[in-house]
Amino acid sequence: MTRTGPAVYLALNGALLMLAGLFVGAAIPAVPYPRLMLAAHSAGFTASGLLSMVAGLLLNSSLCKLPPRAASVVIWGHVALWPLSLSEVAAAFWGTTQALRIAGAEAGATGGAPWQETIVIICHAVPAIALMAAWVFLVWGVWDVVRRDRTLSSERVG
């Protein structure tokens with residue numbers, strides 16, 4: 001994988017999430033629980049798209065250095081945002097409340113069938129763990145650059 005490979009994948013993922021978010025935003029009035037669809041639009045797709053693009057920019061800059069396997073975890077952690085975001089769209093149709101309690105309460109949702117609640121919870125929990133791992137690696141990569149920069153600075157002074 002080239003140096004720009006991970007950044008390109010993350011930028012494309014982010015751009016596609018943003019595009020999907022625009023379509024989801026246009027569909028807000030057409031669902032039974034528009035406040036849940038608004039959450040899918042704003043947090044599920046739009047914020048996720050930006051998050052993916054920021055990760056891509058970090059990986060393609062001198063601010064973050066990661067080995068290829070760690071970069072792969074970052075990519076897959078951000079690709080996992082798709083089931084999370086799509087489950088929020090499903091929640092807007094089903095009226096599920098367990099994964100998004102506050103948004104569900106604001107939407108007046110009464111809860112979905114147990115299988116619907118389970119799908120939405122799993123589609124939130126698994127990507128959340130993957131995304132946490134991705135951002136642990138990104139923080140580690142940035143910290144590594146900071147540490148190296150400090151070492152180089154102290155060697156120049158000493």
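Ser-85 is located in helix α4 (residues 81-94), where helices are DSSP runs of H or I with at least four residues, strands are runs of E with at least two, and both are numbered from the N terminus. The model is predicted, so local features need pLDDT of at least 70 and side-chain atom pairs count only at pLDDT 80 or more, while totals for chains, interfaces and linings use all residues. Residues are numbered from 1 along each chain as its sequence is written, and side-chain values use heavy atoms, with hydrogens and water left out.

**Overall architecture**

- The protein chain holds six helices and zero strands, in the sequence order α-α-α-α-α-α.
- The C-alpha trace spans about 65 × 25 × 25 Å along its principal axes.
- Of the 158 residues, 39% count as buried; buried means under 20% relative accessible area, exposed over 50%, and partly exposed in between (1.4 Å probe, protein chains only).
- Among contacts (heavy atoms within 4.5 Å) with a separation of 6 or more, 76% are accounted for by residues 24 or more positions apart.

**Surroundings of Ser-85**

- Ser-85 is buried, with a relative accessible area of 0%.
- Leaving aside residues up to four places away in sequence, Ser-85 touches Leu-17, Ala-40, Gly-44, Phe-45 and Ser-48.

**Salt bridges**

- The count comes to three salt bridges, each defined as a side-chain nitrogen of Lys or Arg within 4 Å of a carboxyl oxygen of Asp or Glu.
- Glu-106 and Arg-35 pair through their side chains at 3.7 Å, N to O. Glu-106 belongs to helix α5 (residues 101-107) and Arg-35 to helix α2 (residues 34-59), so this pair ties together parts that are 71 residues apart in sequence.
- Glu-106 is exposed at 52% relative accessible area, and Arg-35 is partly exposed at 49%.
- In helix α6 (residues 114-157), Arg-147 and Asp-144 are three residues apart, about one helical turn; their side chains form a salt bridge at 2.4 Å, N to O.
- Arg-148 also meets Asp-144 in a salt bridge, at 3.0 Å, N to O. Shared partners join Asp-144, Arg-147 and Arg-148 into one network.
- Asp-144 counts as buried at 11% relative accessibility, whereas Arg-147 is partly exposed at 42% and Arg-148 is partly exposed at 46%.

**Nonpolar surface**

- Leu-12, Leu-16, Leu-19, Leu-22 and Phe-23 make a nonpolar surface patch of about 530 Å². Patch residues have over 30% relative accessible area and no salt bridge, with nonpolar side chains (Val, Leu, Ile, Met, Phe, Trp, Tyr) joined within 5 Å and like charges within 9 Å.
- Phe-23, in helix α1 (residues 5-26), is exposed with a relative accessible area of 60%.

Conventions:
Accessible areas come from the Shrake-Rupley method with a 1.4 Å probe; for residues, only the protein chains shown count as cover.
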